[in-house]
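Visitor: Hi, I'm new to this one and would like a friendly tour. Could you show it to me?

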Amino acid sequence: MKRFRGGKPNKEQIERIVRVLNGEEELGFGNSPVYEELFLRIQKMFRRKEWGAIYSLLNGVNISDWNFSVCKFYLLALSKTNKDLFLSEIGEVSSRISKPENIEDLVDIMYTESLHRDVIDLCNEWQETLTFRTNLIYSRSLRKIGLKSEAESIIEDSKIRLAEMISDPEADLDIVLSSILDVGYSGDILASERLLYELTKRRDLYQEIHERGMLNRFVELVNDTLDRQKKLRLPDALKVF
């Protein structure tokens, strides 16, 4: 993909990117080198606060599940430049996506913009398939509007569902690994330790890890859990001295 001369995309570049992201060019389901390069380019542009250029590039794209990892930067750019259009687009996009990882990203964007009612409505719609991190955000939005007991219930229920996913060989391992890691991030170290132990008993786990190239992800989860265990037990160890 050619660089944008002067930092701005030309008409030909815009048209090509729109064709790619609208699925008009056969590149696979978001896994091609072109798609990956485009994701990294747009991500870098967002970090550089090139919001106008992002708008120009992605304005004509029909946002869907398969292109959302790139197009979320369009929504993020709008949140910085045009609140009214952002709110309109958020409503449209909410009806077009369903993949758990995309729901997670969209809910995160909504929460950042204090759209707590929208977070709650979207999470209620997809409650059975939400990742643990999405449920954390859902819980925080419930707290923001004063529903504390409901917020606590959401977190506990999500841990139960995660345990059920771990024992289901058909459940997406990528989501399982991320969710156990997020349980640790949430502060429930004992629960993350227990869930990791249950994961090690999953049928054909190690074969699946190697086949999907997730060895580094799994090692990261184990190391993170062990580090959090050490921090949890450090105060008790210090009492000995």
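Guide: Happy to. One term to start with: buried means under 20% relative accessible area, exposed means over 50%, and partly exposed lies in between. Also keep in mind that this is a predicted model.

Visitor: Okay, let me try that out. Is tyrosine 206 buried, exposed or partly exposed?

Guide: Tyrosine 206 has a relative accessible area of 46%, so it is partly exposed.

Visitor: And phenylalanine 218, buried or exposed?

Guide: Phenylalanine 218 is buried, at a relative accessible area of 10%. The rings of tyrosine 206 and phenylalanine 218 form a pair: their centres are 6.2 Å apart and their planes stand at 90°, so the pair is edge-to-face. Tyrosine 206 belongs to helix H12 (residues 205–211) and phenylalanine 218 to helix H13 (residues 215–238), and the two are twelve residues apart.

Visitor: How many aromatic pairs are there?

Guide: The count comes to six aromatic pairs. One of them joins tyrosine 55 and tyrosine 74, which are stacked, with 6.0 Å from centre to centre and 20° between the planes.

Visitor: Why does that pair tie parts of the chain together?

Guide: Tyrosine 55 lies in helix H3 (residues 51–58) and tyrosine 74 in helix H4, so the pair connects parts that are 19 residues apart in sequence. Tyrosine 55 is partly exposed at 31% relative accessible area, whereas tyrosine 74 is buried at 2%.

Visitor: Which rings form a cluster?

Guide: Phe39, Phe46, Trp51 and Phe73 are linked into a cluster by ring pairs.

Visitor: Switching topic: which residues touch the most other members in the largest nonpolar core?

Guide: That core has 44 residues, and Leu21, Ile42, Leu58, Val70, Leu75 and Leu106 are the ones that touch the most other members. Helix H4 (residues 68–81) supplies the largest share of this core, with eight residues. Apart from it there is another core of 21 residues, including Leu173, Ile180, Leu181 and Met214.

Visitor: What does leucine 75 touch?

Guide: Leaving out residues up to four places away in sequence, leucine 75 touches Phe68, Phe86, Glu89, Ile90, Val93, Leu106 and Ile109.

Visitor: Now the helices. At what angle do H10 and H11 pack?

Guide: Helix H10 (residues 173–185) and helix H11 (residues 189–200) pack at about 155°, and their axes are 8 Å apart. That angle makes H10 roughly antiparallel to H11, since angles over 145 degrees count as roughly antiparallel. The crossing of H10 past H11 is left-handed.

Visitor: Which residues make the contact?

Guide: From H10 there are Leu173, Val176, Leu177, Ile180, Val183 and Gly184, and from H11 there are Ala191, Ser192, Leu195, Leu196 and Leu199.

Visitor: What about H7, which residues are buried there?

Guide: His116, Val119, Ile120, Leu122 and Cys123 are buried in H7. The buried residues of H7 pack against helix H5 (83–94), helix H6 (100–112) and helix H8 (132–144). Arginine 117 also sits in H7 (residues 116–125), but arginine 117 counts as exposed, at 56% relative accessibility.

Visitor: One last stop: where is proline 100, and what does it touch?

Guide: Proline 100 is in helix H6. Proline 100 touches Thr129, Thr131, Thr134 and Ile175, not counting residues up to four places away in sequence. Between proline 100 and isoleucine 175 there are 8.4 Å in space, C-alpha to C-alpha, although they are 75 residues apart in sequence.

Notes
Residues numbered from 1 in each chain as written. Predicted model: local features only at pLDDT ≥ 70, side-chain atom pairs only at ≥ 80, totals over all residues. Heavy atoms only, no water. Core = buried A, V, L, I, M, F, W, Y, C linked by side-chain atoms within 4.5 Å. Buried < 20%, exposed > 50% of the residue type's maximum accessible area, 1.4 Å probe, protein only. Helix = DSSP H or I, 4+ residues; strand = E, 2+ residues; numbered from the N terminus. Contact = heavy atoms within 4.5 Å. Phe/Tyr/Trp six-rings, centres within 6.5 Å; stacked < 30°, edge-to-face > 60°. Axes fitted to C-alpha atoms, helices over the stretch in contact; angles between N-to-C directions. Parallel < 35°, antiparallel > 145°, perpendicular 65-115°, else oblique. Left-handed = near helix turned anticlockwise from the far one by under 90°.
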